[in-house]
Amino acid sequence: MLTPPQSKTPPEQKCELHGKVIDSLTAEPVRKATVSLRLLLHPEAQEGYSTISQADGSFAFASIEPGDYDLSAVRPGYLNTHFESRKANWPGVVLSIRPAEKKNNVNLVIIPQGAISGKIVDEDGDPVAQAMVSGLRLAWLNGKVRQL
C-alpha cells in the first residue's frame, strides 16, 4: 500500500492526473484495475497514491504533490504494466508532474494474461487419459531457433 508523501506544497500548486486504463488487445476500457502513482524520489519509502479504475476505465488523482512518478496498473487477468512500457513488468516512462499541472488523457495500456485451453483426443476423437502437455516458445539461441 502506498502512503501519500508529506505535503510541502501550497494548495494552489497541487496537481491532478486523469486518464484511462485500456486493454492492449481490444482497446476496451478496463474496470477495477488498481492504478498506482509511485513517487520516484525515494522509491524505498513507498510514497505515492493509488486508486481503482471506474467502469469506463477512467481514473483520477487530485491534490497530488508535484514530482517524478512511476504510473502502473494491475488487475487479475492482466500483467502488471507500467506507463508506456514496451512489455509487461518492464520499467515505464517517468511521468513528470510540475507544480499546478493538470495532466489529462493519460492512457495506461495494460496487457492481458495468456491462457491455453483445449482437449487431447486420439485419432477417433476420443479423450486421451493422463496426457502430458507442455507449453514451449521459440527463441533464437546461438544463431538457431530453439524450443524453450
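Modeller: A nonpolar core is a set of buried Ala, Val, Leu, Ile, Met, Phe, Trp, Tyr and Cys residues joined through side-chain atoms within 4.5 Å. That idea will guide our reading of this structure, which is a predicted model.

Colleague: How many residues does the largest nonpolar core have, and which of them have the most contacts inside it?

Modeller: The largest nonpolar core comprises 22 residues. Those with the most contacts inside it are Leu 17, Leu 37, Phe 61 and Leu 71.

Colleague: Which elements give two or more residues to this core?

Modeller: They are strands S1 (15-23), S2 (34-39), S4 (58-64), S5 (67-74), S7 (95-97) and S8 (102-110).

Colleague: Let us turn to charged pairs. How many salt bridges does a search of the whole structure find?

Modeller: In general, side chains of opposite charge can pair when their charged atoms come close. Here the search of the whole structure finds three salt bridges. In one of them, the side chains of Glu 65 and Lys 14 meet at 3.0 Å, N to O. Glu 65 belongs to the loop between S4 and S5 and Lys 14 to the segment before S1, so this pair ties together parts that are 51 residues apart in sequence.

Colleague: Are Glu 65 and Lys 14 buried or exposed?

Modeller: Both Glu 65 and Lys 14 are buried.

Colleague: Where do Arg 98 and Asp 68 lie, and how far apart in sequence are the parts that this pair ties together?

Modeller: The side chains of Arg 98 and Asp 68 meet in a salt bridge at 3.3 Å, N to O. Arg 98 is in the loop between S7 and S8, while Asp 68 is in strand S5, so the pair ties together parts that are 30 residues apart in sequence. Arg 98 counts as partly exposed because its relative accessibility is 44%, and Asp 68 is partly exposed with a relative accessible area of 31%. A further salt bridge joins the side chains of Lys 103 and Glu 101 at 3.3 Å, N to O; Glu 101 is partly exposed, with a relative accessible area of 23%.

Colleague: Which residues make the nonpolar surface patch of about 250 Å²?

Modeller: That patch is made by Ile 120, Val 128 and Val 133. Ile 120 is found in the loop between S8 and strand S9 (138-141), and at 42% relative accessibility it counts as partly exposed.

Colleague: Where is Val 145, and which residues does it touch?

Modeller: Val 145 is in strand S10 (residues 144-147). Not counting residues up to four places away in sequence, Val 145 touches Leu 138, Ala 139 and Trp 140.

Note on methods
Residues are numbered from 1 along each chain as its sequence is written. This is a predicted model: local features need pLDDT of at least 70, side-chain atom pairs count only at pLDDT 80 or more; totals for chains, interfaces and linings use all residues. Side-chain values use heavy atoms; hydrogens and water are left out. Buried means under 20% relative accessible area, exposed over 50%, partly exposed in between (1.4 Å probe, protein chains only). Helices (H or I, at least four residues) and strands (E, at least two) are DSSP runs, numbered from the N terminus. Patches are made of residues with over 30% relative accessible area and no salt bridge: like charges are joined within 9 Å, nonpolar side chains (Val, Leu, Ile, Met, Phe, Trp, Tyr) within 5 Å. Accessible areas come from the Shrake-Rupley method with a 1.4 Å probe; for residues, only the protein chains shown count as cover. A salt bridge is a side-chain nitrogen of Lys or Arg within 4 Å of a carboxyl oxygen of Asp or Glu. Contact means heavy atoms within 4.5 Å.
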